[in-house]
Amino acid sequence: MDISSLNAFITVARYKSFSKASNHLFITQPAVSKRVAALEAELGVVLFNRIARTVSLTEAGKQLLSKAHELVDQAEELQRYASNLNQDISGNLAVSISHHIGLYRMPPILKTFNERHSEVDLDIRFEDSDQAFSSVEKGDIEFAVITLPKVLPEKISAEVVWVDDLFIVASKEHDLSKIAKVTLPDLAKHSCVLPSKETETHQIMQRLFESNGIDMKLQMQTNSLQTLKMLVQAGIGWSLLPKSMLEDGELRVLDVGLNLRRSLGLVFHTKRSLSNAAVALSTLIKSDGALSVQV
């Protein structure tokens, strides 16, 4: 059974689209269709319903998907093992990076990695932290660079690389900006804009309010910190943002007498061995953290 055909099948199932799968795999759409058709012919079953422009798994496809993931993972594990035997740093490296970390932390690291290891084909997926975390759990990537959750599942490990100081902010014209010392009850009177409830940043505020028996007045949610900053500037509500978003001085940092932090770092699956390329990149990332953060 051809691993490339299995990989094409998995990718079409993930994106529910042959064209999106071709973009992800860097091959033509006819090539993707040919690989899936070859797999269907070999197995003697139809794997996808193709109705109009909609693609969905058949019952046989649904049953095969988990086994296909297992076989592809085993093949990739064998390739990593063989590569590690000769210490070669090459091949494909799939990782997920959250948008904010990708924008503010990773550019110099990726530049250095690319200069040192140009033979590595980087497959970087810029995802929200919760999506990246899910990709690690599924084994789709070697590791993720994200905001670390407070609780980790049994098969997931994490390493703190950076620590972000977080600040409660409002527009300079907001009523809260007129208060010298802002309390949680003060915040509760006004709407806030935060990342989605699945994110650690949102949960930091949620735990804080719940521990004081106060409800937040949530106006809007978005996982784009740039959008959150714009909403705060527009006076839609107060928010919680990292220091890197506040260096231009466009927002008012509210004095709430709290030291709020979130941990950023690496997330791995404990059952997956890392390729030499993954070890090289993760080492660079950890070195950057050691230079820039004192925990």
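This is a predicted model: local features need pLDDT of at least 70, side-chain atom pairs count only at pLDDT 80 or more; totals for chains, interfaces and linings use all residues.
Trainee: What makes up the secondary structure?

Mentor: The protein has 11 helices and 11 strands. Those are DSSP runs numbered from the N terminus: H or I of at least four residues for helices, E of at least two for strands. The C-alpha trace spans about 70 × 45 × 35 Å along its principal axes.

Trainee: Why is S5 called buried?

Mentor: Buried means under 20% relative accessible area, with exposed over 50% and partly exposed in between (1.4 Å probe, protein chains only). S5 has 6% relative accessibility, so it counts as buried. S5 sits in helix 1 and touches R35, A38 and L39, leaving aside residues up to four places away in sequence. A contact, by the way, is heavy atoms within 4.5 Å. Across the protein, 46% of the 295 residues are buried.

Trainee: Why are helix 1 and helix 3 called roughly perpendicular?

Mentor: Helix 1 (residues 3–15) and helix 3 (residues 29–43) pack at about 110°, with axes 8 Å apart. Axes are lines fitted to C-alpha atoms, for helices over the stretch in contact, and angles run from 0 to 180 degrees between N-to-C directions. Under 35 degrees is roughly parallel, over 145 roughly antiparallel, 65 to 115 roughly perpendicular, and the rest oblique. So helix 1 and helix 3 are roughly perpendicular. Their contact includes L6, F9 and V12 of helix 1 and V32, V36 and L39 of helix 3.

Trainee: How do you know what classes of residue make up the contact of helix 1 with helix 3?

Mentor: Ala, Val, Leu, Ile, Met, Phe, Trp, Tyr, Cys and Pro count as nonpolar, Asp, Glu, Lys and Arg as charged, and the others, Gly among them, as polar. That contact has 8 nonpolar, 2 polar and 1 charged residues.

Trainee: What makes helix 2 roughly perpendicular to helix 3?

Mentor: The axes of helix 2 and helix 3 cross at roughly 105° and come within 8 Å, which makes helix 2 roughly perpendicular to helix 3. The residues of this contact divide into 5 nonpolar, 4 polar and no charged.

Trainee: How do you know where the buried residues of helix 2 lie around the axis?

Mentor: The buried residues of helix 2 (residues 18–25) are F18, A21, S22, H24 and L25. They cover an arc of only 165°, so they are on the same side of helix 2; the arc is that of the directions from the helix axis to the C-beta atoms. Helix 1, helix 3 and strand 1 (48–51) are among the elements covering them.

Trainee: What makes a set of residues a nonpolar core, and which is the largest here?

Mentor: A nonpolar core is a set of buried Ala, Val, Leu, Ile, Met, Phe, Trp, Tyr and Cys residues joined through side-chain atoms within 4.5 Å. The largest has 22 residues, and L93, M106, F143, V145, W162, L281 and I285 have the most contacts inside it. Helix 11 gives the most to this core, with 6 residues.

Methods
Residues are numbered from 1 along each chain as its sequence is written. Side-chain values use heavy atoms; hydrogens and water are left out.
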